[in-house]
Amino acid sequence: MAKIMDGKAFAAKCKNQIREEAARLTEMGHQPGLAVVLVGENPASQVYVRNKDKDCRECGIYSAMYTLPEETSEEQLLELLDVLNHDDKINGILVQLPVPKHIDSQKVIEAIAPIKDVDAFHPTNVGYLTTGMPRFAPCTPAGIVKLMEEYGVDPAGKHCVVIGRSNIVGKPMALLLLQKNGTVTICHSKTPDLKEQCLRADILISAVGKTGFVTGDMVKEGAVVIDVAMNRNSEGKLCGDVVYEEVEPKASLITPVPGGVGPMTRVMLLENTLTACRLQNHMEDPAC
Ligand code: NAP
């Protein structure tokens, strides 16, 4: 039987530390601030943005929410980002993706000042991550690494298999595991022998977005299994890629959905905002 990697409980613990650090920075006259921009009325995005606002408020981080109508032009959005780039109260800027189709998301990503890019999607921050000296790492993979550390999972010398190669999850996940001295295989929709690849994994990370994708026969006995996906099953219930009841008896550690990776993603956004605040005020990370 696998031990459950309880992201919800660990995230609550992390938030206490974040609250203390935000209070310390505020006392020094540098209250950390996050701006979140939402364009349009995507219901899932509205929930994510509300949660980000709530998290900031709970931790003493200044939160500025910009909810713009669907018909906002690319130019108007870029103008707002320019204002936020120059606003001293704002240390971190996040544009909730996806943006409406008439807006070029890459242009938006590149319009955020890299030092305020708490999502770490700007090519400058991708470059820092790729060369092994990240100042921010994308929230989901960074949260997974933090959760692994909490549960004593060290990728060094392990075979890590990441299913998915998106810029948001799969690729940065693979880079972070590599940095931690894992031997990394990235699988995707054109991988012909997916099951064989997965069966070699000491650490298996699934970020596909398909319910029931990872079955028990794809998992090696004793593997650590991280389920990144947030899917809805036929009853509308939140679930991951992993067939939990098949995989859990074989795994040594496993993340549940919900309550695994999701809460860690939220925590890392707050941590990146603190990092941005320290960087912009030329302060050391107290953990270093
Ligand atoms: P994405 O951009 O759609 O990427 C999905 C990846 O899965 C792609 O690389 C795709 O391969 C691969 N894939 C699809 N079908 C496959 C197959 N049959 N065999 C092997 N690989 C296959 O999604 P994403 O943004 O990375 O997100 C992935 C999942 O994580 C989603 O469920 C999303 O909701 C969830 N998510 C969760 C969090 C969190 O905080 N928990 C955060 C972000 C995302 P190709 O590249 O070849 O198409």
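Visitor: Which residues are linked in a network of salt bridges?
Guide: This is a predicted model, in which local features need pLDDT of at least 70 and side-chain atom pairs count only at pLDDT 80 or more, while totals for chains, interfaces and linings use all residues. Residues are numbered from 1 along each chain as its sequence is written, and side-chain values use heavy atoms, with hydrogens and water left out. A salt bridge here is a side-chain nitrogen of Lys or Arg within 4 Å of a carboxyl oxygen of Asp or Glu. The residues linked in a network of such bridges are Lys-15, Lys-54, Asp-55, Glu-58 and Arg-266.

Visitor: How many salt bridges does the structure hold?
Guide: One of them joins the side chains of Lys-180 and Glu-149, with N to O at 3.1 Å, and another joins Lys-220 to Asp-202, where the closest N and O atoms are 2.7 Å apart. For the structure, the number of salt bridges is 13.

Visitor: Arg-24 and Glu-21 are 3 residues apart in helix α1; by about how much of the helix are they separated?
Guide: Helices (H or I, at least four residues) and strands (E, at least two) are DSSP runs numbered from the N terminus. The side chains of Arg-24 and Glu-21 meet in a salt bridge of 2.7 Å, N to O. Because the two residues are 3 apart in α1, which covers residues 7-27, their separation is about one helical turn.

Visitor: Is Glu-21 buried or exposed?
Guide: Relative accessible area, taken with a 1.4 Å probe and protein chains only, sets the classes: under 20% is buried, over 50% is exposed, and partly exposed lies in between. Arg-24, the partner in the salt bridge, is partly exposed at 32%. With a relative accessible area of 9%, Glu-21 is buried.

Visitor: How many residues apart in sequence are the parts tied together by Lys-180 and Glu-149?
Guide: The side chains of Lys-180 and Glu-149 meet in a salt bridge, and both residues count as partly exposed, Lys-180 at 32% relative accessibility and Glu-149 at 47%. Lys-180 lies in the loop between α7 and β6 whereas Glu-149 belongs to helix α6 (residues 139-150), so the separation of the parts in sequence is 31 residues.

Visitor: Which residues are the closest to the ligand?
Guide: A residue is counted as near a molecule if one of its heavy atoms lies within 4 Å of it, and 20 residues surround the ligand. Nonpolar covers Ala, Val, Leu, Ile, Met, Phe, Trp, Tyr, Cys and Pro, charged covers Asp, Glu, Lys and Arg, and polar covers the others, Gly among them; by these classes the shell has 9 nonpolar, 9 polar and 2 charged residues. The closest are Arg-165, Ser-166, Ser-189, Lys-210 and Thr-265.

Visitor: Which element gives the largest share of the shell around the ligand?
Guide: The loop between β11 (253-254) and α10 (261-280) holds Pro-258, which a cis peptide bond joins to Val-257, with omega about 0°. With 3 residues, the largest share of the shell around the ligand comes from α10.

Visitor: What share of its area does the protein bury when the ligand, taken alone, exposes 930 Å²?
Guide: Polar contacts are pairs of N or O atoms within 3.5 Å; within protein, one must be able to donate a hydrogen and the other to accept it, and residues adjacent in sequence count only if both atoms are side-chain atoms. Oxygen atoms of the ligand lie 2.5 Å from a side-chain N or O atom of Ser-166, 3.2 Å from a polar backbone atom of Met-230 and 2.7 Å from a side-chain N or O atom of Thr-265. Of the 930 Å² that the ligand exposes alone, by the Shrake-Rupley method with a 1.4 Å probe (for residues, only the protein chains shown count as cover), the share buried by the protein is 71%.

Visitor: How many disulfides does the count come to?
Guide: A disulfide is a pair of cysteine sulfur atoms within 2.5 Å. Cys-56, buried at 1%, has the sulfur of Cys-59 as its nearest cysteine sulfur at 7.6 Å, while the sulfur of Cys-139 is 11 Å from that of Cys-56, its closest, and therefore too far for a bond. By this rule the count of disulfides is 0.
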